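Student: I am new to this structure, and I would like to understand the words used to describe it. Could we go through them one at a time?

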Amino acid sequence: MQRYFVAAEQFDGSTVRLLGEDAFHVVRVMRMKEDQKFIVSDGQSRVALAAVVEASATEVTARIVEELPMDSEPVWSVTIAQSLPKGDKMELVIQKGTEIGAYSFAPFQSERMIVQYDGKKEAKRLERWSKIAKEAAEQSHRCRVPAIEAVRSWRELIDSISNYDLTLFCYEREGDGAEGKGIRDALLEWKQASGGQLPAEPKLLIVVGPEGGFTEAEANGAEAAGAVVVGLGKRILRTETAGIVGLTCLLYEAGEMGGA
């Protein structure tokens with residue numbers, strides 16, 4: 001069933017309004033008629049089954065048929081910190097990461113990134129990325145849309161590590177043989193260090209470098225700030241693949257995909 005995300009103020013008691021592109025999609029794309037149903041969420045605390053009452057290409061009014069549980073979100077809140085990649089690779093990370101279950105995305109600048117960061121274009125870029133996250137959340141039947149944070153400097157990223165229960169720093173030196181620490185090893189150590197009592201809703205950060213990878217100084221700095229340096233296997237992954245793979249591993253270990 002089609003799902004839409006709206007602002008909380010578009011809910012009004014027993015009704016909800018869809019505006020702009022959402023209304024156009026209901027009327028012109030889905031061609032919904034009176035009493036046809038869809039799912040609507042405010043992306044924070046409310047999900048409901050709604051039925052069309054009145055519809056135009058600019059506004060749809062629907063009645064709330066039934067309140068639904070917010071049961072499609074992972075228990076572990078995983079943020080993907082992605083060094084800015086070139087081209088449209090960030091869009092792929094956001095789209096697929098949202099489908100899999102990322103809580104949020106934190107783009108940042110690092111030493112070897114290829115793309116030239118232009119702060120003047122940030123607002124337009126964030127708007128584009130947020131739209132991609134919204135569409136991916138609707139397609140994958142998420143209950144919330146992942147937040148897309150403003151681009152951080154390297155220093156700001158390092159300073160944010162203390163805000164998470166566990167930070168995994170993906171670095172090639174840890175993926176070149178049996179001695180490399182993998183994500184499962186890091187999680188086992190984390191669980192052991194906590195005495196088996198993990199936070200009820202753990203906050204995790206997975207940090208991914210640019211096309212050129214991280215420098216040793218960056219890896220050492222992240223480790224000194226509390227990050228755990230890990231590898232993603234013996235093969236070198238593209239920057240747009242690494243975060244998606246890391247997120248999938250984490251949510252599998254969290255039990256979201258039949259894991260432990």
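Tutor: Let us begin with helix α1 (residues 20–29), whose buried residues are Asp22, Ala23, Val26 and Val27. This is a predicted model, in which local features need pLDDT of at least 70 and side-chain atom pairs count only at pLDDT 80 or more, while totals for chains, interfaces and linings use all residues. Residues are numbered from 1 along each chain as its sequence is written, and side-chain values use heavy atoms, with hydrogens and water left out.

Student: What do the buried residues of α1 pack against?

Tutor: They pack against the strands β1 (3–5), β3 (15–19), β5 (47–55) and β6 (59–68), and also against α3 (122–139). Helices (H or I, at least four residues) and strands (E, at least two) are DSSP runs, numbered from the N terminus.

Student: Why does Arg3 count as buried?

Tutor: Buried means under 20% relative accessible area, exposed over 50%, and partly exposed in between (1.4 Å probe, protein chains only). Arg3 has 8% relative accessibility, and so it counts as buried. Arg3 is found in strand β1, and, leaving aside its neighbours within four places in sequence, Arg3 is in contact (heavy atoms within 4.5 Å) with residues including Ile39, Val47 and Glu138.

Student: How do you know that Thr98 is buried?

Tutor: Thr98, which is found in helix α2, has a relative accessible area of 0%, and therefore it is buried. Leaving aside neighbours within four places in sequence, its contacts include Phe105, Ala133 and Pro146.

Student: Why are α2 and α7 called roughly parallel?

Tutor: The axes of helix α2 (residues 89–100) and helix α7 (residues 239–253) come within 9 Å and cross at roughly 15°. Axes are lines fitted to C-alpha atoms, for helices over the stretch in contact, and angles run from 0 to 180 degrees between N-to-C directions. Angles under 35 degrees count as roughly parallel, over 145 as roughly antiparallel, 65 to 115 as roughly perpendicular and the rest as oblique, and α2 and α7 are therefore roughly parallel to each other.
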